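Please walk me through this structure, starting with its overall layout and then turning to a single residue.

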Amino acid sequence: MMIVGAGIAGSVAAESLRAEGWRGRIVLIGRETRLPYERPPLSKAHLTEEVEPGPKTLVTSERLEELDIEYLQGREVVAIDRAAHTVKLADGARLAYERLLLTTGARARPVSNLIGQGARIRTLRTYDDALFIRRAINPGAEVVVVGGGFIGLEVAASAVSRGASVTVIEAGPRLLARAVPAPLAELIKAKHERSGVRLELGTTIERVDAIEGRSKVILTSGRAHLADLVIVGIGAVPNVELARLAGLAIDNGIALDELLATSDPDIFGAGDCCSFPHRLYNERIRLEAWRSAQQQGAAAASNMLGAHSPYEKIPWFWSDQYDQTLQVVGLHREQDDPVIRDLGPNGLLIFYLAKDGRIVAACGFGSLPAIAREIRFAEMMIGRGLSPNVEALSNPAVNIKSLLS
Amino acid sequence: MTITEEWVAACPVDAIEREEALRFDYGARTFVIVRSPEGTFHAMDGNCSHEKVHLAGGIVDGHIIECPKHFGTFDYRTGEACALPVCIDLRSYDVKVENNLVFIKL
């Protein structure tokens, strides 16, 4: 069994293969020269903790040894020979596989604008990126964040809490337009403004010039900002090149079936790099989320061993902004009906019901214990296909747990 | 450090419904008190052993409490870690009920 990509999907898959009883070889190949590590803290704790933190490892070398997982770090797979069942590494080595799992992840989308030589501009995807940014967001530093999505806003919250002066540039008319309904995005926006983050919506960068070690960010609105560091968070691009080169089907990511197999039955996929059909939503989706990557890694491992079990977990993700949390579960569409549940000082939740009354999604922003609990019960309702009573759902005095039965 | 154990009143019995959890802070320490589906009370250290997230916000399902943030689970009767990403057990404490109050032994 071979796994290409040592993020959370790959690392969980390697452990799962052993846990599920596979006794043969397990080879995990990672491009970075360090143990598999958690990415969620890169935009949060790694930027704000007082002492410079090391990467938060997903698995220790002792554990890898104990499970007899061969971890090849700092190695890159450049080609798959499907007929011969081998992969070729950048250094020319060839390794045989019986079943292959692609967990190649996604990379930060780069800006396409003109960037002056020497301008300090960085995306955030790896631990090294986080360290670079961490060392630049000192008190008084001027930081421009391009992109009002999750990464951009988390970095903005972290930077301003470190004492940096932060401006967020967002091309759209509002923050978090892709994943968060407007009322919640408004709450998040207000939280950022109260914390001292400046927001400039409806504009984007035209170019970045380097001026005496600083970066001059020129916007399409005509304004300009002088920054010590420009951080770009404008989305991610799935790493599909290896799969494409091998002739595997691609459709907004490596195209998987419901068993998480690619168009080659001996090659599977999991995590940010893949799209798959979801039974609950009748469409092909690609997720960029920690929990989904973990769940898909485990599910793909089972199916590589022949479990033949469709992947039906409900999409869920979270984002921390200051001391508040945002959680989203499920997927909603334009035509679904929103039901608001106002928890007062503890936060705000919005549930989405399809035309037939079934709950299909929920999202909330507020204090972690309050939001997490409600979203978790919403997830159970979605999974069971329940049609909760709208009155009860909108009344915060009704215990949400009681709607499960 | 001298080891002295004492029974500390944590909450009234009716403060926690069955299959629910409650946070209890005592000095600088924090605990989670859980009432099982059968009605018995249990106590563990309050913060998840994975990251510092309080378990009182998590859901109780049977004899399992789930971390509200990353979904690691514990058997709240023993503190035993049950599901990834949690792998370190939490300390559990003796509990008794007297005069309609839940006491934990610290």
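What distance separates the centres of domain 1 of chain A and domain 3 of chain A, taken over C-alpha atoms? The centres are 32 Å apart. This is a predicted model, in which local features need pLDDT of at least 70, side-chain atom pairs count only at pLDDT 80 or more, and totals for chains, interfaces and linings use all residues. Residues are numbered from 1 along each chain as its sequence is written, and side-chain values use heavy atoms, without hydrogens and water.

Chain A is divided into domain 1 (2-107 + 237-304), domain 2 (110-234) and domain 3 (323-404), with bounds that come from an automatic or database domain assignment. A:Leu280, A:Tyr281 and A:Arg291 supply 79% of what domain 1 of chain A buries against domain 3 of chain A.

The interface of these two domains has 2 salt bridges, each a side-chain nitrogen of Lys or Arg within 4 Å of a carboxyl oxygen of Asp or Glu. A:Arg333 forms a salt bridge with A:Glu283, with the closest N and O atoms 3.4 Å apart.

A:Thr203 lies in the loop between strand S13 (198-201) and strand S14 (205-211) of chain A; strands are DSSP runs (E, at least two residues), numbered from the N terminus. A:Thr203 has a relative accessible area of 5%, so this residue is buried (under 20%, 1.4 Å probe, protein chains only).

Methods
Chains lettered and ligands numbered in written order. Helix = DSSP H or I, 4+ residues; strand = E, 2+ residues; numbered from the N terminus. Buried < 20%, exposed > 50% of the residue type's maximum accessible area, 1.4 Å probe, protein only. Buried area = accessible area lost by both parts, 1.4 Å probe.
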